[in-house]
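Please look through the sequence and the 3D structure shown below before reading on. The report that follows starts inside one chain, moves to the place where two chains meet, and ends with single residues.

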Amino acid sequence: MTRYLLKRVGYMVITLFIIASVSFFLMKMLPGSPLSAENKLSEEQQAIVLEKYGLNDPVPVQYVKYMAGLVQGDLGTSYQFDSTPVTKIISDRIGPSAILGAQSLIFGLIFGILLGLVAAIFHNGFLDFTSTIVAVLGTSIPSFVFAGLLQYGLAVQLGWFPVALWDGGFEYTVLPTIALMIFPMATAARFTRTEMLEVLGSDFITTARAKGVSGAGVVFKHGLRNALIPLVTIIGPMAVGLMTGTLVIEQIFAIPGIGEQFVKSIMVNDYPTIMGTTIFYSVLFVAIILVIDLLYGIIDPRIRVTGGDK
Amino acid sequence: MDKLLDVKNLKISFNTYGGEVQAVRGVNFTVNKGETLAIVGESGSGKSVTTKALMQLLPKPHGFIKEGEILFEGEDIAKKSDKDMQKIRGKDISMIFQDPMTSLNPTMKIGNQIMEGLILHQKMSRDKARERTIELLELVGIPDAESRLKQFPHQFSGGMRQRVVIAIALACNPKLLIADEPTTALDVTIQAQILELMKDIQKKTDSAIIFITHDLGVVANVADRVAVMYAGKIVEIGTADEIFYNPKHPYTWGLLGSMPSLDNEGYELTAIPGTPPDMTDPPKGDAFAPRNDYALKIDEELEPPMFKVSDTHYAATWLLHENAPNVEPPESVKRRLKGISNTGSTPEVAKDGEQ
């Protein structure tokens, strides 16, 4: 197990190195420079600033310098905000995004699984069709459409929740969370329904029923765990979808999250912030994938990683 | 003998897009305490469906009991609600399934799968259930039971898994054990072991067994009585000796003729021509008539009633009618006849629900 983990972490580091390198050069290919929007500075002043940030060096030199800093955990300082370290920008901004992402993933999965279960149990009934329609709408309509509708309906018309902004209160998280969770919910519902139907038709479910297990016991004790195995696979891409999804949602709800910051930094060519955020997202992504692979083993004993003697 | 199970005129149908499939069309049989009844017949004859109906395990909502009674210890369980059936399933009646590779939950430790029924029906504490589970695993011949119960099904071989399935079925000392082709998915040496095990267990626990199979070799090995099913009906029922050595129904002749046996060395195996009828629209007369070399004209018009051959032996064929021509069974069957004489002078029509 330890060996397996070490190996996986090694691969993660290699993956991250490749992502960092590719993003670095791609970013450098973006047109313009951090100073292209600046008109107030004279030519000499601009030269001094470029020199200070090392932007006059050839790109490979910049790359080596950046990677050297990265290895030591130094993501550089932002160009926009008075030499604030990028790590601080990320840690300041991560809060709202993390809350939104986690809330929408958790609620989306819970509601999605429930919806899928209901559909499977009442197969071909009214509830099944309702849940299928919800799932199809949820997967096909983009989250920003829901965001707009929610803002208009629940905030402007009914006044139940604030229209936008972020004040730390729970009520500010409700609408963006709903807008974000629709997609994971719909996807989870579809998967759970299909898998559950298949599992409920399998022989071991008959064995369980022949043992005298009740209907609920059959679904939750015997069915659910087996139906969840394929669902775990899609949680990874789903979590990533939520990360990128927040970019748009944070803009619409004017939430000071990391996604909003990310978009802004690309606009003004704030290289260290772009790199920092990209690397942060990547770390998150590979970590989620590792967690999912470990989750497989917990849910399904057949793919559990053994000590290497097998 | 004490009747444990008495099935009366059981009819089971399935609703499909193609119409109503009459899978079982009026089946009567009894099972006495401690005996083994084998139900044989080819695929689609309704043998599995009959036994699934006994436990109300028919696939819902398509399959349903259309008519008839299932008296278990005198109580009609055909009309019981699912909730009431949950108390009977696994406790009084339990089932061993055909394919051990798929009939165990792959994500549950086998110990827990066996303990589940004990905790459910006998309200045992986990510790007690664990002790009983170890006992059960030893009973079905799984060595090192203590550590085995922490393992998952994929760590067991096919034969071992079937032993676990049997242990699950035996957990609460059921009065009736239904074995739905328990050896079909196993190789021959393991088959023999499992059959020995089942016989052994029956001796120890004195439970009745309904043994479904299409393997007549297995039947000869385990059964006290045999019911032959064809197209949703029992066409012949009797003690194992009567069915093997004095069969009366042409379908039973066909089955026996197609069974390889050491006595038959040097002879060709026969096959029953044709296929079973479409059960959405069962034929008017005898369902077996189109495939039957010995069919009489009346077979196409009128379904034969059950004729009583002896107190224990009944067969539904017009050949037993007093006006029927004297038809000799085929050579392959004659070689088996051991001269068990008919007890009744001439077979007569059995009264309703007699058998």
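## An enclosed helix in chain B

The buried residues of α10(B) are covered by a set of elements that includes β3 (36–40), α8 (216–222), β9 (225–230), β10 (233–239), α9 (240–245) and α11 (331–334) of chain B. Contact here means heavy atoms within 4.5 Å, and buried means under 20% relative accessible area, with exposed over 50% and partly exposed in between (1.4 Å probe, protein chains only). Helices (H or I, at least four residues) and strands (E, at least two) are DSSP runs, numbered from the N terminus.

This is a predicted model, in which local features need pLDDT of at least 70 and side-chain atom pairs count only at pLDDT 80 or more, while totals for chains, interfaces and linings use all residues. Residues are numbered from 1 along each chain as its sequence is written, chains are lettered from A and ligands numbered from 1 in the order in which they are written, and side-chain values use heavy atoms, with hydrogens and water left out.

Helix α10 of chain B spans residues 250–257, and because eight of its eight residues are buried, this helix is largely enclosed by the rest of the structure. The residues concerned are P250(B), Y251(B), T252(B), W253(B), G254(B), L255(B), L256(B) and G257(B).

## Chain A as a whole

Chain A has 11 helices and zero strands, and its C-alpha atoms fill a box of roughly 85 × 65 × 30 Å along the principal axes. Of its 310 residues, 43% count as buried. Among contacts in chain A between residues at least 6 apart in sequence, 73% join residues at least 24 apart.

An unreviewed UniProt entry places the feature "transmembrane region" at residues 9–27, 98–122, 134–154, 174–192, 228–254 and 274–296 of chain A; such annotations may be inferred rather than shown by experiment, their names are shortened, and their positions are given in the numbering used here. In the model, residues 134–154 of chain A are 90% helix and 0% strand, with end C-alpha atoms 19 Å apart, whereas residues 274–296 of chain A are 100% helix and 0% strand, with end C-alpha atoms 33 Å apart.

One residue to look at is S282(A), which lies in helix α11 (residues 271–299) of chain A. S282(A) is buried, with a relative accessible area of 8%, and its side chain reaches the backbone oxygen of T278(A) at 2.6 Å. In a helix of this kind there is a general rule to keep in mind. An α-helix has 3.6 residues a turn, so residues three or four places apart point the same way. Leaving aside neighbours within four places in sequence, S282(A) is in contact with L16(A) and I19(A).

## Where chains A and B meet

In the interface, 21 residues of chain A are in contact with 27 residues of chain B. The two chains bury about 2100 Å² between them, 56% of it on carbon and sulfur atoms, where buried area is the accessible area (1.4 Å probe) that two parts lose on being put together, summed over both. R209(A), A210(A) and K211(A) supply 31% of the area that chain A buries against chain B, more than any other three residues.

Two salt bridges are counted between chain A and chain B, a salt bridge being a side-chain nitrogen of Lys or Arg within 4 Å of a carboxyl oxygen of Asp or Glu. K211(A), K221(A) and E116(B) are linked in a network of salt bridges.

## Three salt bridges

The structure holds 25 salt bridges over all chains, and the table gives three of them.

| Pair | Closest N to O distance |
|---|---|
| K211(A) and E116(B) | 2.8 Å |

K175(B) lies in the loop between α6 (158–170) and β7 (176–180) of chain B and D92(B) in the loop between α2 and β6 of chain B, so the pair ties together parts that are 83 residues apart in sequence. K175(B) is partly exposed, with a relative accessible area of 34%, whereas D92(B), at 15% relative accessibility, counts as buried. Leaving aside neighbours within four places in sequence, D92(B) is in contact with F72(B), P174(B), K175(B) and L176(B).

Both R225(B) and E35(B) are buried. K211(A) is also buried, with a relative accessible area of 5%, and E116(B) is buried with a relative accessible area of 5%.

Conventions
A polar contact is a pair of N or O atoms within 3.5 Å; within protein, one must be able to donate a hydrogen and the other to accept it, and residues adjacent in sequence count only if both atoms are side-chain atoms.
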